[in-house]
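The following exercises are to be worked with the sequence and the coordinates at hand. Each task is followed by a stepwise solution.

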Amino acid sequence: MTRTTPRSTTATRNKNLRPRRATGNGRAFALPHPVIQDVTVSYRSLSLLAALALATPALSRGQNVNLGETLAGWGYGKDAAAAADTGRWTRSQFTVEAEKNRRHLSLGGVRLYIGYPIVEDNSRLYIARRDLDKTVIPVLAPRATPAPPRLKTIVLDAGHGGKDPGKQNFSLGLNEKVVALDVVQRLRFILESRGYRVFVTRNRDSFIELNDRSAFANRQKADLFISVHFNAGPANVTGVETYCLTPAGQHSTNDAGSAGDTSEEFGNRNDPWNVLLGYYVQKTLVDKLDADDRGVRRARFAVLRDIACPGVLIECGFMSNPGEAAKIGTPIYREKLAQGIADAVGLYHNRVTRLVAKPAAKPTAKK
Ligand SMILES: [Zn+2]
């Protein structure tokens with residue numbers, strides 16, 4: 001059911017699409033050594049040294065989990081030929097890769113950013129328990145709890161509009177608000193033809209406040225929310241990024257170092273489904289468009305913070321790269337984008353449906 005955000009929001013807060021900057025009060029340093037995870041005496045000095053060694057201060061990462069052991073428990077076999085500091089595990093042609101000190105890992109060939117760097121101890125790689133719970137398990141071994149959401153009503157959100165053109169490519173005459181709307185209209189057509197009930201936050205060149213977009217999705221009782229955007233950056237950068245809401249207590253992917261917000265948001269109730277959806281969107285787009293994989297990233301974007309359903313924000317490509325912008329300017333490429341997103345929705349839907357369909361575990365005798 002629709003609910004408003006449980007804590008007060010200000011108008012300015014929702015006007016910022018980019019994550020807010022805040023001081024990192026109450027921040028602790030990483031505790032990267034799995035053996036000393038329960039040591040509380042001299043915690044500060046120990047973890048400070050360790051954090052300096054890693055040069056990656058982060059929030060307290062909590063318990064570390066042996067990644068290889070966890071994956072072995074799920075039937076993944078270790079690739080002995082993997083390079084030093086790197087782990088590679090495979091099950092039924094699905095590969096998991098992780099590398100020491102990296103704040104991301106690869107699941108099924110897709111990069112997913114995590115909250116804390118992978119750490120190494122005695123030639124074993126460890127992942128923060130929180131990252132296992134918030135990023136790895138929802139993709140590799142999604143659980144039926146909390147209950148998987150149904151999927152019938154989808155709200156599509158074309159970024160920007162009206163007085164806000166979004167990113168622009170002047171030499172090609174491209175406006176983000178125009179191409180995002182075009183992709184959304186194509187996507188709407190495909191999803192409707194596949195039996196979904198689809199609403200759009202805007203169907204023309206109109207300006208809509210960010211908080212009105214999520215409020216609209218909640219009013220329509222959306223089961224899924226997809227916001228379509230295009231990116232800009234250095235001219236040589238290309239590729240697709242899919243953003244999911246940052247889990248509570250973690251820094252967003254694009255926050256420099258340890259700065260930034262770590263708050264809990266209303267949308268965090270759908271953490272597992274957000275990242276499962278993000279995984280399928282990123283994988284499908286990268287494969288279908290043959291685009292650079294810039295990863296499933298985390299941000300507290302206004303349109304993701306307050307939605308009551310699973311959702312993602314897709315940065316479909318860089319308008320600042322001449323080659324990628326030229327592609328974005330063609331209807332064929334935008335149709336491919338829409339097809340890719342629609343296919344990802346289908347894959348997500350199938351996966352969630354299988355979870356729902358799974359018979360309840362038989363009651364077992366008391367041990
Ligand atoms: Zn945008």
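**Exercise 1.** What pLDDT does the protein chain average, and what percentage of the residues score at least 70?

*Solution.* The model is a predicted one, in which local features need pLDDT of at least 70, side-chain atom pairs count only at pLDDT 80 or more, and totals for chains, interfaces and linings use all residues. Residues are numbered from 1 along each chain as its sequence is written. Here pLDDT is the predictor's confidence in each residue, from 0 to 100. The protein chain averages 84, and 79% of the residues score at least 70. Over residues 1-59, pLDDT stays under 50.

**Exercise 2.** Determine the secondary structure content and the percentage of buried residues in the protein chain.

*Solution.* Helices (H or I, at least four residues) and strands (E, at least two) are taken as DSSP runs, numbered from the N terminus. The protein chain then has 10 helices and 16 strands. A residue is buried if 20 or more other C-beta atoms lie within 10 Å of its own, exposed if 12 or fewer, and partly exposed in between, with C-beta atoms placed from the backbone. By this criterion, 44% of the 367 residues are buried.

**Exercise 3.** In which sense do β14 and β15 pair?

*Solution.* Strand β14 (residues 240-245) pairs with β15 in the parallel sense, over five bridges. Y243 stands opposite R297 in β15. Strand β15 (residues 293-299) is mostly covered, with six of its seven residues buried.

**Exercise 4.** Why does R197 count as partly exposed, and which residues does R197 touch?

*Solution.* R197 belongs to strand β12 (residues 197-200). R197 counts as partly exposed because it has 14 C-beta neighbours inside 10 Å. Residues are in contact if their C-beta atoms, placed from the backbone, lie within 7 Å. Not counting residues up to four places away in sequence, R197 touches K152 and T153.

Technical notes: Pairing = 2+ DSSP bridges. Contact = placed C-beta atoms within 7 Å.
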